[in-house]
Every structure is written in structure tokens, then in C-alpha cells.
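Okay, thanks everyone, I'll keep this short. Have a look at the structure first, and then I'll walk you through a few spots in it.

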Amino acid sequence: MTRGTRTLLGAVVVLAAAAALAAAQRPQFRSTVDIVSLNVTVVDGANHYITDLDQPDFSVFEDGVKHDIVFFTRRPQPIALSLLLDSSASMEDKLPTLQMAATNFVKRLKANDLAQIIDFDSRVAIRQAFTSNQAELEAAILQTVSGGSTSLHNAIYVSLKELGKIKAQNEEDVRRQALIVFSDGEDTSSLVSFEEVLDLAKRSETSIYTIALRGNDSSTRGFREAEFVMRQLAQETGGRAFFPAKIEDLNGVYTQIADELASQYTLGYTSKNPKADGAFRRIIVQVARANVTARTKKGYFAPAR
């Protein structure tokens, strides 16, 4: 397939996704029962992961009202992961290092995890659909070739839509969803706006981990805007934003993300708010242990009539 064909296909996919945005009013529940599911990361003051807590240690508040936790586990669930790699022209000399770091990350996935590989420049290409085959994932990573501008918003939007297709057939098939996106610059060519991407992210069940490489131009307005986008997406979804100074630091960043995904708690509660008004409901998770902090998504959209 030629780059021009991929560009056209990428544009068609994004336009179709944008047209479906108005219909994406589904609340963040895992089943027909209105259980709000949360993936929670707990760290101490030195940013070390705390993994020995039990259900009574957690308190959940929705719009300031405390709710009873009806589901809790600290057993790692399988993951559905989307790995987004910036292959724009500015990545030409950095791409081999990015490919190596991404490949090392894929090697840490478990046999029951699923992952897809997406690379983006002026177009968005799904290099490998969701699979647990590590060899296929690694081969897809190595297929990336630099060139073109940066359609960051398009790539995240398409990835969130793809993750939204992952449906649990039974309780054992429930997966935590995560998106990891690497980029070295601001968005320059997306058809989808940041506001549309943020709205879809808040409606999804996906934790977004963003990696923005700080280069020599990190003080420019363009990088500051990119940094804001990356921070906002991570904060709203319970993920984390990273800003490595050098491309050589990527291995360490991917290792931190892998460790975090393996250290999370999953808990759920039933909302006491009966209104089906489509409003955004804010969530706060607190932990009954000194000098530790819990991180999860900022909230969810209530169902709408």
C-alpha cells in the first residue's frame, strides 16, 4: 500500500470516527448494572508503587458523596493496549531508538494481554490489529518509517475508537484498557480537534499514558501546547505524562509504564445518583495511609435519556 493510499484511508477513518462522536454517549460501565469501574494507582512520596492495600483502605467519592465499594481486586487483569508511535519527519534519526524501546515494552506483555500498533505522521496507520502474538507486534513496530507531518489528535482518536471495540464476553474476559502515545512535537495536521479527543477520552474506559520528548525547542509555543495536551489527556483518564529530555531515556519510561500497569488496583461502585442527565460526575479516591496518593480517572459521564 502506498503512503498516499494510507493517507486517504487514515483520513476516511478519522472522518468516520468524528461523525460518530455525537453517538458516543455510552457511560463508563462494564455491564448493564450501573457499576463505575476504576483502575487506581497508588504511590508514596518517592513515587514508588504501593501494592499491599486492601479494600477497607480505599474510599470513593462521586461529586463529594461517599460511595460503597462493591468490587475490589489487586490481582492484575489482562490488558488491552494501544501503542501509538510518532513517525513524522522529525523522528528520522530517533526512530531506531523508539523502535527498540517499544519492542522492549512489548516483550513485557503477558500471554493473555492484547496490543495493537499504530504509527502516525500526516496519516494514521494501524500496523498491527489487536493480538497477543509478540512476534507480530515487534514486526509491526519495525515497519514504521519516518516522513510527513504530525497528526497526533487523529491517532489518539482512532486508537480510542479501536479500544472501544474490545468487549468482554464474560467476567474472565474483562480487560483494563490503556493507550500509550509517543510524540516529539505538536499536532500539525489533524482533522480532529483536541476538544473532540478529550471528550472521547473522558467517555472511554482507557487510561492514557503520554510521552512527549523534550528537544532543543521545548521552550517554544508549539511544544508548550503539546505539553498541555499530553498532561490533560493523562490527568483526565488516570494515566501519566512523561517528558524525557533525551530519546535514550525512552526505555526507562516504558519500563515505568509497564510497572504501573502491573501495580494497579481495580475497584467498582454503584452510583447513588439516579439522574440520567448525561452530566459529568467527578470522582476522588482516597487511601487511609499516610503519605500516599491515589490516582484514577477524574470522572465519567452519567447515562443520558
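I'll go through a helix pair, then some aromatic rings, then one leucine.

Before anything else, please keep in mind that this is a predicted model.

So, helices. Two packed helices are described by the angle between their axes and the distance between the axes. Take α4, which is residues 152–164, and α5, residues 194–203: their axes come within 10 Å and cross at roughly 25°. Anything under 35 degrees counts as roughly parallel, and therefore α4 and α5 get that label, roughly parallel to each other. As for handedness, the crossing of α4 past α5 is left-handed.

Which residues in α4 meet α5? On the α4 side you've got H153, I156, Y157, L160 and K161, and they meet F194, E196, V197, L200 and A201 on the α5 side. Sorted by class, that contact has seven nonpolar residues, two charged ones and one polar one.

On to the rings. How many aromatic pairs does the structure hold? Six. Let me show you F58 with F72: the centres sit 5.6 Å from each other, with 50° between the planes, so to speak a tilted pair. F58 is in strand β2, residues 58–62, and F72 is in strand β4, residues 69–73, so this pair ties together parts that are 14 residues apart in sequence. Both of these phenylalanines, F58 and F72, are buried. F228 belongs to helix α6, residues 221–237, and F194 to α5, so here the pair ties together parts 34 residues apart in sequence.

Are the two partners buried or exposed? F194 is buried, because its relative accessible area is 12% and the cut-off is under 20%. F228, at 48% relative accessibility, counts as partly exposed.

Last stop, L261. This leucine lies in helix α7, residues 250–261, and with a relative accessible area of 5% L261 is buried. What does L261 touch, leaving out residues up to four places away in sequence? I79, F105, R176, A178 and Y209. And look at Q77: L261 and Q77 are 184 residues apart in sequence, but C-alpha to C-alpha they are 9.3 Å apart in space.

That's my tour, happy to go back to any of these spots.

How values were computed. Residues are numbered from 1 along each chain as its sequence is written. This is a predicted model: local features need pLDDT of at least 70, side-chain atom pairs count only at pLDDT 80 or more; totals for chains, interfaces and linings use all residues. Side-chain values use heavy atoms; hydrogens and water are left out. Axes are lines fitted to C-alpha atoms, for helices over the stretch in contact, and angles run from 0 to 180 degrees between N-to-C directions. Helices (H or I, at least four residues) and strands (E, at least two) are DSSP runs, numbered from the N terminus. Angles under 35 degrees count as roughly parallel, over 145 as roughly antiparallel, 65 to 115 as roughly perpendicular and the rest as oblique. A crossing is left-handed if the near helix is turned anticlockwise from the far one by less than a right angle, and right-handed if clockwise. Contact means heavy atoms within 4.5 Å. Ala, Val, Leu, Ile, Met, Phe, Trp, Tyr, Cys and Pro count as nonpolar, Asp, Glu, Lys and Arg as charged, and the others, Gly among them, as polar. Rings of Phe, Tyr and Trp (its six-membered ring) pair if their centres lie within 6.5 Å; planes under 30 degrees apart count as stacked, over 60 as edge-to-face and the rest as tilted. Buried means under 20% relative accessible area, exposed over 50%, partly exposed in between (1.4 Å probe, protein chains only).
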